[in-house]
Amino acid sequence: MQMAIDMSNATGTRVTPVKGSPFRGAVRVPDLFRRGSVWKNYDGIVRVFNYKGHLMVARAQETEGALRSGGEESGSQEDSTYPSIGNVPRPDVIPWEDVIMVQAFGWDSCNHDGHWYSMVEKELSIIKSVQCTHVWLPPPSASVSKEGYLPTQYYDLSSRYGNFDSLVSLNRAILDQGMAPVADVVINHRCADAQDENGVWNTFRDDIPHPGARIDWGPWAITCNDPDFNGKGSRDTGDDYGPSPDLDHSNPKVQEGIIDWLRWLRSHVGFEGWRLDFVKGYDGESAKLYVSSTLQNGEFAVAEYWSDAAWTDGYLEYNQNAMRQRVCDWLDEAEYAAAFDFATKALLQEAVKNCEYDRMMDSEGKAPGLLGWWGERAVTFIDNHDTGSSQQHWPFPSEHVMQGYAYILTHPGIPCIFWEHLMESSEMGKSLCRLAMLRKSSGIKATSELEILAAEKDMYVARIDGKVMVKLGPRPDMGNLLPESGWELYCSGQDWAVWRSI
């Protein structure tokens with residue numbers, strides 16, 4: 001593709017190649033804005049990043065003029081860039097109570113030279129083997145951060161995971177296997193493309209042609225109490241996100257732009273569900289609007305509401321009711337989304353790490369996490385790209401990971417299996433496969449009946465729907481709780497065992 005670099009903001013500046021750049025065709029613009037500015041070429045679209053990693057105003061255009069500048073009048077655009085995914089059969093909507101999700105990436109999955117989507121496509125048989133119904137994929141849009149969580153222009157799907165074609169190919173393959181692709185939707189914040197007259201990064205471009213409303217927004221789209229980006233919108237309805245401008249989700253133009261983009265992700269890219277990133281940054285009513293406007297038939301949506309757990313001098317308190325109540329309050333507002341069960345993760349990993357299995361029953365005899373209060377809205381998990389992976393912000397003890405999965409794959413709630421655990425070893429993969437098969441064959445659902453038979457320091461025993469029993473902990477003698485007549489040992493490992501009724 002022949003490219004003509006728009007140097008309207010850099011008259012007389014010499015452009016020189018960057019040696020050793022990992023990006024095809026990347027060039028550096030010396031002293032154009034600030035030291036460290038670099039042009040980076042992603043599949044023919046060139047951007048400039050300053051030393052802080054913020055996207056600059058300069059851009060590249062096709063000589064035929066296919067890419068429009070962000071300075072055009074607002075309004076819909078003709079979609080001449082991306083074809084539709086076509087008539088790929090979409091799976092029937094899966095009831096939330098039957099969902100098993102796989103997170104198909106980790107924090108370092110962006111470091112595969114843009115081939116991550118094709119790598120996942122080759123492993124779909126393994127994902128399918130754990131009875132997966134939904135495949136959670138990384139943020140699809142171009143981003144200041146290579147991991148995708150600082151998005152710039154939503155419709156630019158050239159990322160470090162792959163491009164439009166490889167993403168559509170993956171989604172087609174997922175749909176062909178009867179599973180639903182879930183997009184990681186980062187809409188709390190958006191990185192600006194240009195500075196205003198005061199040098200503040202609060203001007204957004206929209207260079208990729210697409211249907212629907214334009215997203216070349218200005219400071220009016222940023223919350224007025226954002227401390228760094230001089231927004232002129234309404235006050236933020238949630239927590240501030242420091243690295244990037246917080247969007248004003250009460251603004252009709254912002255709402256329209258996000259809704260049109262989400263609809264496009266379904267119609268053109270093949271997604272069938274959303275994982276909403278950092279929803280502590282905006283109110284549940286906004287999430288309700290976005291989900292209800294784009295997933296009208298009850299398709300799956302899950303929110304990351306990472307509420308703080310209660311600690312005392314580094315010791316996790318047994319009672320995490322305040323933590324799960326905050327999530328329930330948000331879910332009441334959002335109405336059409338589930339939420340990740342951070343309370344269950346907190347209590348379960350402390351239980352297995354410190355041999356404190358008495359944590360796993362609350363004062364009412366129920367499970368102590370969100371699943372004990374609202375199983376059909378609680379997405380249980382052991383680790384994800386933030387808590388585990390290479391970040392290790394809050395990792396589950398590696399030697400006890402299978403205890404964790406023995407719990408979440410037999411209990412109420414909506415289980416989510418982490419890619420790095422599924423692919424870690426063939427032995428772990430086989431155990432996850434067997435547990436998932438048992439969950440499905442026994443009809444265990446997010447709303448299943450849980451009967452906790454023991455929650456003591458060194459042993460936890462529970463029966464689910466009268467069909468499955470699970471034991472966690474090092475105690476060798478279960479006494480009269482050992483399943484005998486009418487039960488068979490199904491699978492087991494270090495400090496865990498699962499039985500099924502026969």
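A salt bridge here is a side-chain nitrogen of Lys or Arg within 4 Å of a carboxyl oxygen of Asp or Glu. Keep in mind that this is a predicted model, where local features need pLDDT of at least 70, side-chain atom pairs count only at pLDDT 80 or more, and totals for chains, interfaces and linings use all residues. Residues are numbered from 1 along each chain as its sequence is written, and side-chain values use heavy atoms, leaving out hydrogens and water.

By that rule, there are 21 salt bridges. One of them joins Asp458 and Arg475, at 2.9 Å from N to O. Asp458 sits in the loop between strand 19 (450–456) and strand 20 (459–464), and Arg475 in the loop between strand 21 (468–472) and strand 22 (487–493), so the pair ties together parts 17 residues apart in sequence. Strands are DSSP runs of E with at least two residues, and helices are runs of H or I with at least four, both numbered from the N terminus.

How accessible are these partners? Buried means under 20% relative accessible area, exposed over 50%, and partly exposed in between (1.4 Å probe, protein chains only). Asp458 is partly exposed at 25%, and Arg475 is partly exposed at 24%. Now look at Asp207 and Arg205, whose side chains meet in a salt bridge at 3.4 Å, N to O. Here Asp207 is buried at 9%, and Arg205 is buried at 12%.

Finally, the cysteines: with a disulfide taken as two cysteine sulfur atoms within 2.5 Å, the count is zero. For Cys416, the nearest cysteine sulfur belongs to Cys132, 8.6 Å away. Cys416 is buried, with a relative accessible area of 3%.
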